[in-house]
Amino acid sequence: MHTHVLFEHPLNEKMRTWLRIEFLIQQLESSLHIDDHASALHFFRNAGDLLDVFERGDVRTDLLKELERQQRKLQAWVEVPGVDQNRIEALRQQLKGCGAILMSAPRMGQILREDRLIGLVRQRLSIPGGCCSFDLPTLHIWLHTSQQQRDAQVQRWMDSLQPLNQALTLILDLIRNSAPFRKQTSLNGFFQDNGDDADLLRLQLALDDQLYPQISGHKSRFAIRFLPLDSENGLVPERLDFELACC
């Protein structure tokens with residue numbers, strides 16, 4: 001049985017931002033149990049990166065627009081014979097609920113941005129080794145408080161991201177499931193096609209091929225070049241089969 005690797009590539013700026021936020025929240029969730037400097041810095045670095053992403057654009061407005069767009073798409077399905085009406089209605093209510101929660105939530109990342117400890121660590125992260133105990137005694141003493149106390153504080157930070165995370169997870173789930181994977185073939189390591197106003201490319205490659213895709217393009221047209229992981233000795237087959245979904 002072949003193992004396949006999934007690659008995803010955004011076809012617009014909005015999707016690029018959302019995938020980065022999803023990635024950073026996943027990184028935060030992987031280090032919730034902070035018990036030493038390594039796990040603390042992993043958490044704080046990702047929290048700082050997330051705040052940087054929030055500061056670059058109006059994430060909340062884009063998400064609210066997308067929640068409405070997805071509701072309109074579902075409305076169009078209501079008329080189609082044989083469609084599971086209950087499933088459509090449940091999804092519409094879910095989208096509506098996420099929108100209401102997101103609309104009434106505080107400013108994106110406000111709790112993290114106002115936290116003194118996160119602010120102190122964030123200032124020092126760009127300095128090589130700038131978070132050691134003599135540079136950041138605040139972090140040093142925090143790491144010596146009880147695990148229960150630290151866990152509760154981390155949970156408060158994560159809870160503040162819940163309205164965003166809930167809306168984003170639902171949106172990305174709907175987009176990812178909006179198109180099936182189809183078998184495609186590249187010739188001499190190259191493939192291009194029309195994007196048909198897609199937001200996201202999803203591509204599955206067999207791990208045995210030891211190849212990765214280099215993707216360029218936007219929602220109307222895209223090109224994929226396949227490159228070997230071993231740039232010195234790796235080979236790209238003349239014909240390469242792969243699975244592609246334009247979502």
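## Helix α2 and its buried residues

In this predicted model, the buried residues of helix α2 are Ser-39, Ala-40, Leu-41, Phe-43, Phe-44, Asn-46, Ala-47, Gly-48, Leu-50, Leu-51, Val-53 and Phe-54. The helix runs over residues 37-55, and at 1.5 Å a residue its 19 residues should span 27 Å, which agrees with the 27 Å that separates its end C-alpha atoms.

## Aromatic pairs

Seven aromatic pairs are found when the whole structure is searched. In one of them, the ring centres of Phe-43 and Phe-44 are 5.8 Å apart and the ring planes stand at 90°, so this pair is edge-to-face, the angle being over the 60 degrees required for that class. Both Phe-43 and Phe-44 are buried.

The rings of Trp-142 and Trp-157 also pair, with their centres 6.1 Å apart and their planes at 35°, so the arrangement counts as tilted. Because Trp-142 belongs to helix α7 (residues 137-142) and Trp-157 to helix α8 (residues 147-159), this pair ties together parts that are 15 residues apart in sequence. Trp-142 is buried, with a relative accessible area of 8%, and Trp-157 likewise counts as buried, at 2% relative accessibility; in each case the value falls under the 20% limit for that class. Phe-43, Phe-44, Trp-142 and Trp-157 are linked by ring pairs into a cluster.

## Packing of helices α3 and α4

Helix α3 (residues 59-78) and helix α4 (residues 85-104) have axes that come within 10 Å and cross at roughly 165°. That angle makes α3 roughly antiparallel to α4, since the class begins over 145 degrees. The crossing of α3 past α4 is left-handed.

On the α3 side, the residues that make the contact are Arg-60, Leu-63, Leu-64, Leu-67, Gln-70, Gln-71, Leu-74, Gln-75, Trp-77 and Val-78. Helix α4 contributes Gln-85, Ile-88, Leu-91, Arg-92, Leu-95, Lys-96, Cys-98, Gly-99, Leu-102 and Met-103. As background to reading such lists, an α-helix has 3.6 residues a turn, so residues three or four places apart point the same way.

Gln-192 has its place in strand β3, which covers residues 190-194, and is partly exposed, with a relative accessible area of 43%. That value lies between the 20% and 50% limits that separate buried from exposed residues.

When its neighbours within four places in sequence are left aside, Gln-192 is in contact with Arg-221, Phe-222 and Ala-223. Gln-192 and Ser-216, which are 24 residues apart in sequence, have a C-alpha to C-alpha distance of 9.6 Å.

Technical notes
Residues numbered from 1 in each chain as written. Predicted model: local features only at pLDDT ≥ 70, side-chain atom pairs only at ≥ 80, totals over all residues. Heavy atoms only, no water. Helix = DSSP H or I, 4+ residues; strand = E, 2+ residues; numbered from the N terminus. Expected span 1.5 Å × (residues − 1). Buried < 20%, exposed > 50% of the residue type's maximum accessible area, 1.4 Å probe, protein only. Phe/Tyr/Trp six-rings, centres within 6.5 Å; stacked < 30°, edge-to-face > 60°. Axes fitted to C-alpha atoms, helices over the stretch in contact; angles between N-to-C directions. Parallel < 35°, antiparallel > 145°, perpendicular 65-115°, else oblique. Left-handed = near helix turned anticlockwise from the far one by under 90°. Contact = heavy atoms within 4.5 Å.
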